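Subject: Structure handover

Hello,

I am passing on the structure we spoke about. Please look at it first; my notes follow below it.

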Amino acid sequence: MSAVSAVGSVGSVGTAGVVSMRQAFVDTVEEVMENDPRVAVVLAEISRDVFRPSPRVVNVGIREQAMVGVGSGLALSGMRPVVHTYAPFLVERPFEQIKLDFGHQDVGGVFVSIGGSYDDPVWGRTHQAPGDVALFDTLPGWRIVVPGHGGEVEGVVREALAGDDRVYIRLSLRENSRAYPVSRKLTEVRRGSGGVVLAVGPMLEPVLAATEGVDVTVLYATSVRPFDEGGLRAAVAASRADVLLVEPYLAGTSAHVVAEALADVPHRLRALGVRRESELRAYGTAEDHDSAHDLDVLGIAAAVRRLFGHPV
Amino acid sequence: MAVASGAGLNGSEAGVGARQSGLGGGGAGLGGGEVGVGGEVGVAGVGFAAIPALFERMSGDEKHEWAAASTLHVLWVLYDRVLNVSPERVDDPDRDRFLLSKGHGPMAYYAVLAAKGYLDPSTLDTWTQWDSPLGQHPDRVLVPGVEISSGSLGHGLPIAVGMAVGLRLQGRDAARVVVLVGDAELDEGSNHEAIALAGRLGLSNLTVVVVDNESGTHGWPGGVATRFAVEGWASSTVDGSDQEALYSAFVGVDSSRPSVVVARVVKGA
């Protein structure tokens, strides 16, 4: 319970010094709720104090299976549920409920996590969920969005609330220093001829730093499923078919969609992300963990040199 | 309500197809001619007596399996006398909802749905085949009137809680949610999350019927009903084969809080 309380009180200001992703999410949901009676929120203690009390904000207590089941029942009764808690408790603990109560029932809902892969590593493995996107990716029909800045959240949340589909929005304390225009397509941030680096959400800024002065195309993705295959093919055609994928969650999560997108193009692919091979039993800071997973500027730059043969 | 996915669209088509082929199929093997005519008139004049023949279309012999179906009398009383539902109103937002959480062994459910006009009886002849909408677990996308797809235990009750909350939030106060679970299904912890939550939320529009054939390996000392009562539910325990007793229990529930009806049936059924 102490961990729950502490996580629930994570500050509202993100690393970028503006409104955090979570606060932007909450503000947007509350605004939309004023005009859209379909929208209802289901919580399991986490973020209970961030939402204003409302009959349409239901805190089920520390009951994550019920949280997802209740979300499904709301959807089946004609509402647009927002299901929200810390990533491991949202995705991993009630995973069968996500698979069956939403997918198999063929209803929609908006799942929103906080915590990322290791936003606050002092809590250890129990509060880390680097596998969340990979898990959602095993289920058909989910749109997955990974914003890279608090300023990108409002548009993402509004679009999700207005729809009927199944959406997973992955929020984090890790942010780029500025917002980029959000699109369901890949956004070209930099163009070069030596290959393509695809940065997901908060990985954009370290990728830009790691590729400074390197002749490569940098693409930015917030919508990772469905994957913009056409955008990647076009970028590769205009550059080289060498792709470095940099994701803030489990390494290789999107390797299969890149391979599918380039199925008829001889290519090389390297995928960076949270390492799979062993559990990292260490606390410290998120930056320490970036470093351990080669997701900091040094680690990404090393991968860039190896893949693209940059002569440094 | 439904996500516009390929699977959903295919499902709808399969359902329509099954109905159409059923209309051509006639009423072979049925005692009552009305049932064979199909969906439109299935409600009228088809009584409980039609159930054995409908069962036989699935079981394929005369083993009298229908008589051993633990859920049959509960399902019949609900669809015949309690639920405010009909095949013409499967999308009516104010309809009652019946959720078969214990989706295993759905023959009784399909038989009742056929008797009540949701399914053409001929659909039963090919159940569990490749292009049948009827599987060993029901799928709401494929079968008109089926409110949830079930099979994995412990999902229906939390979903029912969400439905009850959703109906209440939308002011649909007349609509009632009834969910059927098995006593062994209560082993799943997700049910206990939902039982406590529904009690605290005071969901008076929610009724759980527990078909209790004492099939849970470790049992419920003190009886199933006490697990609900301690969380503030109204409870009653009746003979699950006594249709009058079941009816009285369903219509006589305490209207100020969630209710559970424990329907006791013979072990092994």
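The buried residues of H5(A) are covered by parts of both chains: H3, E4 and E6 of chain A are among the covering elements, together with H7 of chain B. Helix H5 spans residues 95-104 of chain A, and its buried residues are A:Gln97, A:Ile98, A:Leu100, A:Asp101, A:Phe102 and A:His104. After H5(A) comes A:Asp106, which has a positive phi, near 60°. Please keep in mind that this is a predicted model.

Next, the sheet in chain A. Seven strands form an open sheet with mixed pairing, in the order E2-E1-E3-E4-E6-E5-E10. Strand E2 (57-59) and strand E10 (223-225) of chain A are at the edges; each has a single partner strand, so one side of each has no neighbour in the sheet. From one strand to the next, the twist averages 20°.

Strand E4 of chain A (residues 109-114) and strand E6 of chain A (residues 166-170) run in the parallel sense, with five bridges between them. In one of the bridges A:Ser113 is partnered by A:Arg170 of E6(A). Helix H3 of chain A (residues 64-76) packs on the sheet and touches strand E1 (39-43), E2, strand E3 (80-86) and E4 of chain A. The direction of H3(A) makes about 165° with that of E3(A).

On domains, chain A is divided into domain 1 (2-170) and domain 2 (187-307). Taken over C-alpha atoms, the centres of domain 1 and domain 2 of chain A are separated by 26 Å. Where they meet, 22 residues of domain 1 of chain A are in contact with 20 residues of domain 2 of chain A. On the domain 1 side in chain A, helix H6 (132-136) and strand E5 (142-145) each supply at least two residues. E5(A) gives the most to that side, with four residues. By class, the side of domain 1 of chain A that touches domain 2 of chain A has 11 nonpolar, five polar and six charged residues.

Chain B has 10 helices and five strands. Of its 269 residues, 49% are buried. Among contacts in chain B between residues at least 6 apart in sequence, 72% join residues at least 24 apart.

The domains of chain B are each made of two segments: domain 1 is 1-68 + 105-141, and domain 2 is 69-102 + 153-269. Between them, 16 residues of domain 1 of chain B are in contact with 10 residues of domain 2 of chain B. Helix H4 (65-68) and helix H6 (107-115) of chain B are the elements that give two or more residues to the domain 1 side. H6(B) gives the most to that side, with four residues. The classes on the domain 1 side in chain B are 12 nonpolar, two polar and two charged residues.

Now the contact between the chains. Chain B contributes 28 residues and chain A contributes 32 residues. On the chain B side, helix H1 (6-25), helix H7 (156-169) and helix H8 (189-201) each supply at least two residues. H7(B) gives the most to that side, with 10 residues. By class, the side of chain B that touches chain A has 17 nonpolar, nine polar and two charged residues.

The largest nonpolar core has 167 residues, and those with the most contacts inside it are A:Ile169, A:Val246 and B:Val161. H6(B) gives the most to this core, with nine residues. What does B:Val161 touch, not counting residues up to four places away in sequence? In chain A the residues are A:Ala66, A:Gly69, A:Val70 and A:Gly73, and in chain B they are B:Ala194, B:Leu197, B:Ala198, B:Leu203 and B:Leu206.

One more residue of H7 of chain B is B:Gly156. Is B:Gly156 buried or exposed? B:Gly156 is buried, because 30 other C-beta atoms lie within 10 Å, and the cut-off for buried is 20 or more. Leaving out residues up to four places away in sequence, B:Gly156 touches B:Leu99, B:Ser101, B:Ile148, B:Ser150, B:Val179 and B:Val181. B:Gly156 and B:Leu201 are 45 residues apart in sequence and 17 Å apart in space, C-alpha to C-alpha.

Regards

How values were computed. Residues are numbered from 1 along each chain as its sequence is written. Chains are lettered from A and ligands numbered from 1 in the order in which they are written. This is a predicted model: local features need pLDDT of at least 70, side-chain atom pairs count only at pLDDT 80 or more; totals for chains, interfaces and linings use all residues. Domain bounds come from an automatic or database domain assignment. Two residues are in contact if their C-beta atoms, placed from the backbone, lie within 7 Å. Ala, Val, Leu, Ile, Met, Phe, Trp, Tyr, Cys and Pro count as nonpolar, Asp, Glu, Lys and Arg as charged, and the others, Gly among them, as polar. A nonpolar core is a set of buried Ala, Val, Leu, Ile, Met, Phe, Trp, Tyr and Cys residues joined through C-beta atoms within 7 Å. A residue is buried if 20 or more other C-beta atoms lie within 10 Å of its own, exposed if 12 or fewer, and partly exposed in between; C-beta atoms are placed from the backbone. Two strands pair if DSSP finds at least two bridges between them. Axes are lines fitted to C-alpha atoms, for helices over the stretch in contact, and angles run from 0 to 180 degrees between N-to-C directions.
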